Amino acid sequence: MAGPERYFQPEIEKMDPEALRALQLERLKKTVELCYESIPFYKQRFDQLGIRPEDVISLDDLARLPFTTKQDMRDAYPFNLFAIPADDARVQRLHASSGTTGNATVCGYTQNDIDVWGDTFARAIAQVGGGAASILQVSYGYGLFTGGLGAHEGGIRMRATILPMSSGNTRRQVQMMKDFGVDILACTPSYALLIADTAIEMGYDPANDFKVAGAILGAEPCSEGMRRDIENKLGVKMVDIYGLSEVMGPGVSCECRYQTGLHVAEDHFIIEIVDPKTLQAVPDGQWGEVVFSTLSKECSPLIRYRTRDISRILPGECACGRTLRRMDRITGRTDDMLIIRGVNVFPSQFQEVLANFPEVASHYQIILTSKGPLDYVTLKVETVPEFDFDEIRKIENLRQRINGELKSNLQVSVDVQVSEPKSIERSEGKARRVIDLREKGN
Amino acid sequence: MIDQIVVFLENKKGRLAALCRAIGDAGISMHALTVADTANYGVARIIADTPARACEVLGAAGFRASLTKVFAIEVPDKAGGLASLLETFDAADINVEYAYCFTVEGGKAIDVLRIDSSLNVEKIITGAGFRVVRPEELYR
Ligand SMILES: [Zn+2]
C-alpha cells in the first residue's frame with residue numbers, strides 16, 4: 001500500500017496532545033455528571049466513595065473514580081446502566097453480548113452514539129488506505145454482535161459503497177469480492193483466511209487477480225504468522241481493530257498501516273492500564289489490564305470499565321502522524337495472569353519470547369512449583385526435528401539463550417528444560433500451558 | 001565416516017530400557033552404546049546395524065532419534081595411542097566435540113570421534129598413521 005497517509009478526521013487524529021487532553025477532560029466531566037445524575041448505580045458508587053461530579057477537575061482525578069466490571073453490567077441486566085430509558089425516542093438500537101456465562105451485557109445507542117462509532121470505524125478504513133471511493137465488504141456477522149453493524153456504520157460515515165455480506169456462503173463472498181472489485185474487507189481474521197483459501201481453491205489468485213488491498217480484522221486474536229498468511233494470500237495490508245460490545249464495538253482502537261500498535265480513539269475513550277491485583281495504574285510500556293472510560297456515549301456511558309484484556313501503552317510517536325496514543329495488541333486475559341515472585345506474568349509473554357527461537361517447536365508448558373518460600377518456574381520446550389541435539393553444548397547454549405531472553409523480558413528466572421518430542425501434553429490440539437503446583441498461601 | 005544413531009532422552013525412569021527394547025524387538029543388533037548425561041536430560045549415542053531403520057523404529061516408538069556422521073578410527077593397542085591422535089588434532093586446531101571407545105570382535109579398539117567434517121580430517125588421521133574404519137567393518 002503506497003501513497004500518502006489517509007485520515008478520516010485529521011483534526012482529531014493529528015490533534016495537539018495538549019488540546020486532546022483538554023477535550024478529554026471536558027468530556028469526562030460531562031460523562032461523570034451524566035452517570036451521577038442518570039444512573040443510580042453510579043450515584044451510589046460515587047456517594048460511597050464520597051466523590052461528587054464537581055470533584056473531577058483534572059484527568060488525574062479519574063484514578064479516584066470507581067471501576068465498573070463485567071459483573072456490574074450483568075447485574076444491571078437489562079437496562080439498569082442506561083442513562084436514557086430504552087424506550088425513549090432517542091435510543092435507536094440495542095446490542096448485547098452473547099452471555100454464555102450469566103446474563104448478557106446490554107448496551108443502548110443513540111443516533112449520536114452510532115455516528116461516533118461509525119466515525120471510529122471510518123478512521124480504520126482510512127488507516128488501511130480506503131476512502132469514499134472504496135467498496136467495503138462487510139463479512140462480519142450482522143446482528144446483536146457489534147462486528148457487522150459497526151463496520152457497516154463505518155462505511156456509511158466514510159460514504160464508501162457497502163457490500164453487506166454478513167458471514168457465511170463463502171464461495172459467493174469470493175465471487176462478489178472479485179466481480180464487484182471490492183478493495184476493503186472487514187471480518188474476523190479466521191474468516192478472512194477462509195475467504196482467501198476458498199478463493200485459491202476456486203482457482204483464483206486473489207493476491208494478483210482481486211482488487212482487494214486492505215483488511216480490517218478483529219473480534220478474535222490473530223498471531224503475526226496468521227497475519228502474514230492473510231496478507232500474502234489476499235495481497236492486502238491487514239490492520240487489527242479492537243473493540244468490545246460493552247464499550248462500543250470495533251473501533252475503540254485500530255492499527256494504522258505501520259502495524260506498530262493500535263491508535264486509541266482518545267477523543268471518545270480514555271484508556272488506562274492498571275495492575276489487575278492492586279488496580280493501580282502502571283507506567284507506559286508496562287503490561288496490565290486495559291480500562292476504558294467512555295467520553296461521548298449518551299445511552300450507555302461507562303466509567304473505568306475493566307476489560308480483563310491485557311495490553312500496554314506504547315510510548316513514542318507513530319510514523320503515520322497520528323497523535324492518538326497506541327496500545328499494544330491484546331496478549332491475553334487477566335484470568336490467565338500468573339504472579340511469579342511478585343511479578344505479573346502472562347503465558348503469552350513466554351510464547352512471544354519462544355517465537356524468536358526457530359530451534360523450538362510452538363508447544364511449551366510452564367510448570368510452577370515452590371522451593372521453600374520462593375516460586376520456581378520450569379519451562380518445558382521441545383526442539384524442532386531439524387535441531388541437532390548430538391552436541392550437548394548446543395542444547396545448553398539454547399537453554400541459556402532462552403533463559404536470558406525470558407529473564408530480560410519477564411524479570412523472572414526460568415529453568416528451561418528441553419523435552420522429548422510430543423512429551424508436552426496436548427489436549428484437543430490445545431495444550432494445557434500452565435501447571436501450577438505451588439503450595440497455596442502465597 | 002560411519003552413521004551413528006543419536007537419541008534424546010529425558011531423565012525419566014525406564015527411557016533407556018525402552019530404547020534398547022525398541023531396537024531389540026526390531027531385531028537390530030547394537031554394537032556400542034554410550035550415554036552423555038546432564039541434570040535434566042541425556043543423549044544416547046548408538047552404533048547399530050541398519051542405522052536408518054533403527055532410527056525409524058525409534059521415531060515410531062516416540063523417541064527423537066537422528067543420524068550423525070562420525071569418524072571411527074582403529075587405535076593400536078599400545079599405551080598413548082589415543083593421546084597421540086588427539087595431539088595431532090590439537091596441533092591442527094581441530095575441535096573434537098566428543099569421543100568414546102568400544103571394542104569389536106578380535107579385541108580391536110575403535111575410537112568414535114565427532115569432528116567437524118568440513119575439514120580435511122581423514123587425511124590428517126591417515127597422515128598420523130591411524131586407520132579410518134569403514135562402515136561395513138562395523139555394521140550391516
Ligand atoms: Zn500510526
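**Rings, domains and the chain interface**

B:Y100 is buried, because its relative accessible area is 11%, where buried means under 20% relative accessible area, exposed over 50% and partly exposed in between (1.4 Å probe, protein chains only). B:Y98 is likewise buried, with a relative accessible area of 10%. The model is predicted, so that local features need pLDDT of at least 70 and side-chain atom pairs count only at pLDDT 80 or more, while totals for chains, interfaces and linings use all residues. Residues are numbered from 1 along each chain as its sequence is written, chains are lettered from A and ligands numbered from 1 in the order in which they are written, and side-chain values use heavy atoms, with hydrogens and water left out.

Over all chains, the count comes to eleven aromatic pairs, a pair being two rings of Phe, Tyr or Trp (its six-membered ring) with centres within 6.5 Å, called stacked if the planes are under 30 degrees apart, edge-to-face if over 60 and tilted for the rest. One of these joins A:Y109 to A:W117 in a stacked arrangement, with 5.0 Å from centre to centre and 25° between the planes, and both A:Y109 and A:W117 are buried. In chain B, B:Y98 and B:Y100 also form a stacked pair, with their centres 6.5 Å apart and 15° between their planes. Elsewhere in chain A, ring pairs link A:Y242, A:F269 and A:F292 into a cluster.

Chain A is assigned domain 1 (10-16 + 107-333) and domain 2 (338-436), with bounds that come from an automatic or database domain assignment. The centres of these two domains of chain A, taken over C-alpha atoms, are separated by 32 Å. Eight residues of domain 1 of chain A contact six residues of domain 2 of chain A, contact meaning heavy atoms within 4.5 Å. Between them about 540 Å² is buried, 60% of it from carbon and sulfur atoms; buried area here is the accessible area (1.4 Å probe) that two parts lose on being put together, summed over both.

Chain B, in turn, is divided into domain 1 (2-69) and domain 2 (70-138), whose C-alpha centres lie 22 Å apart. Nine residues from domain 1 of chain B and eleven from domain 2 of chain B take part in the contact. The two domains of chain B bury about 980 Å² between them, with 63% on carbon and sulfur atoms, and in domain 1 of chain B the residues that lose the most area to domain 2 are B:I2, B:R45 and B:K69, together 48% of what that side buries. Across this interface within chain B there are zero salt bridges, a salt bridge being a side-chain nitrogen of Lys or Arg within 4 Å of a carboxyl oxygen of Asp or Glu.

There remains the interface between the chains, where 23 residues from chain B meet 20 residues from chain A. The area buried between chain B and chain A is about 1800 Å², of which carbon and sulfur atoms give 48%, and B:F8, B:Y41 and B:R64 supply 39% of the area that chain B buries against chain A, more than any other three residues. Six salt bridges are found across the interface of chain B and chain A. B:R45 forms a salt bridge with A:D390, the closest N and O atoms being 2.7 Å apart, and B:R45 is also among the residues of domain 1 of chain B that lose the most area to domain 2 of chain B.
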